[in-house]
Amino acid sequence: MTFVVLMLALIPLTAVGMLVDDHVLMGSPIWFKPFKFAVSFALYGTTLAWMLTKLTRGRRTGWWAGTVIAVAGIVEMLIIVGQVVRGTRSHFNVTTPFDATLFSIMGLTIVVLWSFTSLIAVLVALSRFDDLATGWAIRLGLLLALIGLGLGFLMLLPTPDQASGVVKGVVGSHSAGIAEGGPSMALTGWSTTGGDLRVPHFVGMHALQLLPLIAVALGFVVRDTRTRLRLVLVTAAGYAGVIALTTWQALRGQSLVHPDALTLGALAVLGVGVAVAALVSTRSATVAA
């Protein structure tokens, strides 16, 4: 939670940076990246802190895992903000030995973050929950978040131009099928002209918050414990389908906001499947007044 407080303090500072500093990097305001990361880390840290209070086994181990994640996150943010101050990019930047070293450290912090989040996921899996639906929402939310985090490693793969030496000083890209830095969505910065691997990365990571929230919301409207559990499982399966669909779409070089008929067809099949499964799950549900 100390880490969360630091990120919350950074949010208004980076917001002011976007207002007073008109520098643009890769087609986006230069302070936009640290702003997004501060918001994301604040949500991530708050959710993990809450989940750690639910542990019935390995609480001390969980405390240390959370501490390591916080330290890794602080290192990551120091590099991101430091590179903004220098007026250059943090991710994928190997222009100089110094930039390459910083990017390597960032890669290490992400591996550490993923590994120790996995440890917390194991501890949660071994814990007992009074409410089955909430317990499974937390477990599956962590699992899908780990998948979303893991998808971030796809961005580290060199593009064909980078591999052939046409583009130098950069290794990896958010974009797929297009050059990075083109037209993008206003709030997210995701590409509107081609594939963007940040989409499935984002969708997967925020299963950490969404699935537990859905479980809590279901507690207000569905009394039957088994029905709520089935609905959580259906939601998790549908969410996994969305992660797979957005990953497939991005790797095909297709923007999230310009899906083709094949993508829309797959989305329709997924939606119908989830709707049917949800109806079957609620066939004997007792809904609160």
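View 1. The model is predicted: local features need pLDDT of at least 70 and side-chain atom pairs pLDDT 80 or more, while totals for chains, interfaces and linings use all residues. Residues are numbered from 1 along each chain as its sequence is written, and side-chain values use heavy atoms, without hydrogens and water. Helices are DSSP runs (H or I, at least four residues) numbered from the N terminus. A pocket is an open set of points on a 1 Å grid over the protein atoms alone, where a 1.4 Å probe fits, with protein on both sides within 12 Å along at least five of seven lines; lining residues have an atom within 4 Å of a point. Of the 34 lining residues, Phe 37, Ser 40, Arg 198, His 201 and Met 205 lie nearest the centre.

**View 2. The second largest pocket.** Its lining has 19 residues, with Met 1, Leu 52, Trp 63, Gly 66 and Thr 67 nearest the centre. H1, H2 and H3 each give two or more residues to this lining, and H3 has the largest share, nine residues.

**View 3. Surroundings of Leu 142.** Beyond neighbours within four places in sequence, Leu 142 is in contact (heavy atoms within 4.5 Å) with residues including Leu 48, Thr 117 and Leu 208.
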